[in-house]
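Dear colleague,

Please find the structure below, handed over for your records.

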Amino acid sequence: MWQLQNLGRILANFFCRVMIAGMVEVQYLPVLGTRIASVTCDEALEIILEKAETKSLVHGYVCVANVHTVSLGRRDPSFREVLNGALLTVPDGQPLVWAHRFLGGRRLRERVYGPTLMLRL
């Protein structure tokens, strides 16, 4: 058990924050090499809509990740690049929400369910 707690503390040191084009500061937690955004559905909507309203020349895309997506990214570096290159890679799977808690990231209340995110956009 000590090793798992120690691993959680070590990985929490890699927890990062990124400013998205002068917008809101987004926190990320790396899970098996994939940057998972520490956001709720409302926060993801705000970031996406704010990005769309800026009408900048820089384009972005959003990935909705579950555990299978993250494990594919671990095995395939080019797929991981796609996930990490996204404006947001949101935690669609509940295990990714639990990973945030266990690894010392932000305590998320909910997963960002892809179909709900799209309907609300």
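Predicted model: local features only at pLDDT ≥ 70, side-chain atom pairs only at ≥ 80, totals over all residues.

Leaving aside its neighbours within four places in sequence, with which residues is Cys63 in contact? They are Val82, Leu83, Ala86, Leu88, Thr89 and Val90, where contact means heavy atoms within 4.5 Å.

Residues are numbered from 1 along each chain as its sequence is written, and side-chain values use heavy atoms, with hydrogens and water left out.

Overall architecture

The protein has six helices and five strands, arranged along the sequence in the pattern α-β-β-β-α-β-α-α-β-α-α. Helices (H or I, at least four residues) and strands (E, at least two) are DSSP runs, numbered from the N terminus. Of the 121 residues, 38% are buried; buried means under 20% relative accessible area, exposed over 50%, and partly exposed in between (1.4 Å probe, protein chains only). The accessible surface comes to about 7400 Å², and carbon and sulfur atoms hold 58% of this surface. Such areas come from the Shrake-Rupley method with a 1.4 Å probe, and for residues only the protein chains shown count as cover. Among contacts with a separation of 6 or more, 60% are between residues 24 or more positions apart.

Cys63 is placed in strand 4 and is buried, with a relative accessible area of 12%. Its C-alpha lies 8.1 Å from that of Leu87, 24 residues apart in sequence. Gly60 belongs to the loop between helix 2 and strand 4 (62-65). Gly60 is partly exposed, at 49% relative accessible area. The C-alpha atoms of Gly60 and Leu87 are 5.2 Å apart, although 27 residues separate the two in sequence.

Helices 3 and 4

Two packed helices are described by the angle between their axes and the distance between the axes. Helix 3 (residues 67-75) and helix 4 (residues 77-84) pack at about 125°, with axes 5 Å apart. Axes are lines fitted to C-alpha atoms, for helices over the stretch in contact, and angles run from 0 to 180 degrees between N-to-C directions. The two helices are therefore oblique to each other, since angles under 35 degrees count as roughly parallel, over 145 as roughly antiparallel, 65 to 115 as roughly perpendicular and the rest as oblique.

Two loop residues

Thr40 sits in the loop between strand 3 (34-37) and helix 2 (41-54). Thr40 is buried, with a relative accessible area of 5%. Neighbours within four places in sequence aside, Thr40 is in contact with Arg106, Arg109, Glu110 and Val112.

Leu32 lies in the loop between strand 2 (25-31) and strand 3. Most residues other than glycine have a negative phi. Leu32, although not a glycine, has a positive phi of about 55°.

Yours sincerely
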